[in-house]
Amino acid sequence: MKDIGLWNEGDWIAACGSTALIFFLCVGAYAVTQPRQEFAGHPKGLYILFFAEMWERFSYYGMRALLTLYLVKHWLYSDGDANFIYGAYTSLVYITPVLGGWLADRYLGQRKAVLFGAVLLTMGHFLMAFEGNGTGYQNDPALNVFWLALSFIIVGSGFLKANISVIVGQLYPRTDIRRDGAYTIFYMGINVGAAVGTIIAGYLGETIGWSYGFGAAGIGMLLGLVVFVVGKPLLLGRGEPPVPSRLKQSVMGLKLEWFLYVLGFVGIAIIWALIQYQSVVGWLMLLSGAALLIYVLKEAFKLDKDARDRVFAMIFFILLQPVFWGLFEQAGGSINLFTERFVDRAGVPTSLFQSINPIYIILLGPIFGALWPFLARKGWEPSTPAKMGFGIFQMGFAFVVLVWGANSIGASALVPVLFIFLFYLFSTTGELCLSPVGLSAMNRLSVTHMASLMMAGWFFGTAGGNFVAGLLGSIMGEGEGGEMTREAALDVYWSIGLLAIGIGVVVVLVSPLVKKLMHLDKLTDDDVGDDLEGQREAGEPQAAGIHPTTRGA
C-alpha cells in the first residue's frame, strides 16, 4: 500500500470511486434486508435488479476502458488494428441481444436468460485476466484465450442485456405510476456501475497490472451473479418461462432448456472464429442490415397508411444511429489513445477519463428528464427528430471543441485536460438528446406485432455505429509504424465534427416532415405506453445514459 501522503490524483480518484461503491452497497444491503415487502415505495426486487445490473455494467465498462490500451500496449497491435478490433467487438455486443431477447420471449423467460448470460459473462471476464507472456499477438498462443474471453462476453451480453430491464417492468402493473421512478432508479444503477467500474478496474489495470483490472471486472460480474441468484425470491416469480413445460421437451436427446444452453456455447465457438476476422464482421453486418431493412419495408407495406408512415419515420431514426454512435464510441477507441499520448492528464490513468460520461449522465439525466416536460408545458418542446438532430449536432461540436483546444496551444504541447472534459460534456448532452428520445419513439410508434422487430433495428443501427467507430479509429492509426499521430487524429476529428454538425442541421430542418410521418395526433392507447417497457420485447439500456422510458417523445 502506498503511503497516503504520496497519493496522486489517480489514487484519490480510485479511493473516491471505491468509497462511492461501498456507500451504494451499504444502502442496497439495508434496503433488501428490511422486513417489509417494499423499500422507499418500490418492491425489493427492484434493488436486486439494480445491483445485478450495476455489477454487470461495472464489469463491462471496466473492461471497455482498458481494452484499446491493452491491445496496443500488451498485445502490441497497431493503433488502427486495435481500433478495428474494438469496433467489431462492441458492434457484436449490440447485435447478440436481439437473439437473446427472442429466445427469452419464446422459451427461456427473462430470469433464466439473465442467469445464463451472467454465468457466461463471469467466465469471459475472468478469462480476460490471462495475459500470456507479453511478447505480442504474433508470438503468444494465449491470444486464443483472449479471443475466447471476448466471445464469452459477447454471447453472455446477448442473453443478459436484452432481458434484465424487462423484469423491472414486470414488477409493476402496466398502469402503475411508479414505473418511471423504477426505471430511473434502475438507470442510476447502470451509470453508477459504469462510472465506478471504469475507475476501479481502469486504475488497477493501468497502475498494477492488466490482469488485476480485468480480474476486478470478473469479480464484479461474479458478485452480480450472486446477487441475482440470492435475490430470486424477491423477484416475485417475474421473468419465468412463458410455457415452462416446453423447456422439458426433448430435442436431440436433451431437454430443450439444456439444448438452448448448448446452442449458447456453439454461439461462443462461432463468435470466437468471427471476431478474429473483423472485416468479415463488417460485411455480415452490411448484408444482414440490408436484409433487415428489406424485411421491415415488406412488412410496412402490409400496414395501413398511418402505421406505414410511422415505420418510415422509425427507419429514418435508425439510419441516424451509425452517424451518432460512430462518433460517440471514439471515446473507448481513438479518444482513449489520444488522451493517453497528447493530453495533460496530471498523472491520472488514461482509462479513468471514460468515467466522465456516466458521471455526467448521473448529474445531467434528471435535468434533461425535467427539461422536456417543462418545454412541453410552455409549447416549446422540440419534436423527436429535432431532438435527435440537436444530439448529432452536439456530438459533432464536441470534436470541434477538442480540435479548437488542441490547436490553441503549440503543436508539441500537451492538450489541457479541460478540453477532454468539454468533449465528454457535449457528447453526453448529445446522447441525452438522441438516445432515450429515440428509444421512446421506437416504443411509441411501433405497432404491437412489429415492436420487437423495430427495436432490433434500433440496436442494429447502434451496432453499426460501433463498427463505424472502429473503422474511423483504424483510419487514424495508419501513421508511421501504425501509430496514431496527433495531426492525423485532429484532421479526422475536425472533418467528422463538421460533417456531424452539418448532418444535425439537416435533420433539424427536415424534422417537420418526419414529424408528419409520425402521425402523433392519431396515436391511440394501444400504440403508446409500454409495449416494450416491462413486456417481453427487448428494450434494455445498452450503454450508460440510455434510459428505456416510454414517456412521450
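The angles run from 0 to 180 degrees between N-to-C directions, and the axes are lines fitted to C-alpha atoms, for helices over the stretch in contact. Helices themselves are DSSP runs of H or I with at least four residues, numbered from the N terminus.

Some housekeeping: residues are numbered from 1 along each chain as its sequence is written. This is a predicted model, where local features need pLDDT of at least 70, side-chain atom pairs count only at pLDDT 80 or more, totals for chains, interfaces and linings use all residues, and side-chain values use heavy atoms, without hydrogens and water.

**Helix pairs**

| Pair | Axis separation | Angle |
|---|---|---|
| H2 (44-73) and H8 (210-230) | within 8 Å | roughly 160° |
| H4 (110-127) and H5 (143-161) | within 7 Å | roughly 160° |
| H2 and H3 (79-108) | 8 Å | about 155° |

Start with H2, which packs against H3 at about 155°, so the two are roughly antiparallel. H2 passes H3 in a right-handed crossing, meaning that the near helix is turned clockwise from the far one by less than a right angle (left-handed if anticlockwise).

H2 also meets H8, and that pair is therefore roughly antiparallel too. Here the crossing is left-handed. Sorted by class, the H2 and H8 contact holds 18 nonpolar, 4 polar and 2 charged residues. Nonpolar covers Ala, Val, Leu, Ile, Met, Phe, Trp, Tyr, Cys and Pro; charged covers Asp, Glu, Lys and Arg; the others, Gly among them, are polar.

As for H4 and H5, their angle makes them roughly antiparallel, and they cross in a left-handed way.

Phe126, Ile219, Leu222, Leu223, Val226, Val229 and Val230 make a nonpolar surface patch of about 580 Å². H8 is the top contributor, with 6 residues, and Leu223 is one of the residues found in that helix. Patch members have over 30% relative accessible area and no salt bridge, with nonpolar side chains joined within 5 Å; the areas come from the Shrake-Rupley method with a 1.4 Å probe.

**Salt bridges**

The count is 9 salt bridges, each a side-chain nitrogen of Lys or Arg within 4 Å of a carboxyl oxygen of Asp or Glu. Arg64 and Glu329 form one, with their closest N and O atoms 3.0 Å apart. That pair ties together distant parts of the chain, 265 residues apart: Arg64 sits in H2, while Glu329 lies in the loop between H11 (305-328) and H12 (334-342).

Key. Parallel < 35°, antiparallel > 145°, perpendicular 65-115°, else oblique. Patch = residues over 30% accessible without salt bridge, like charges linked within 9 Å, V, L, I, M, F, W, Y side chains within 5 Å.
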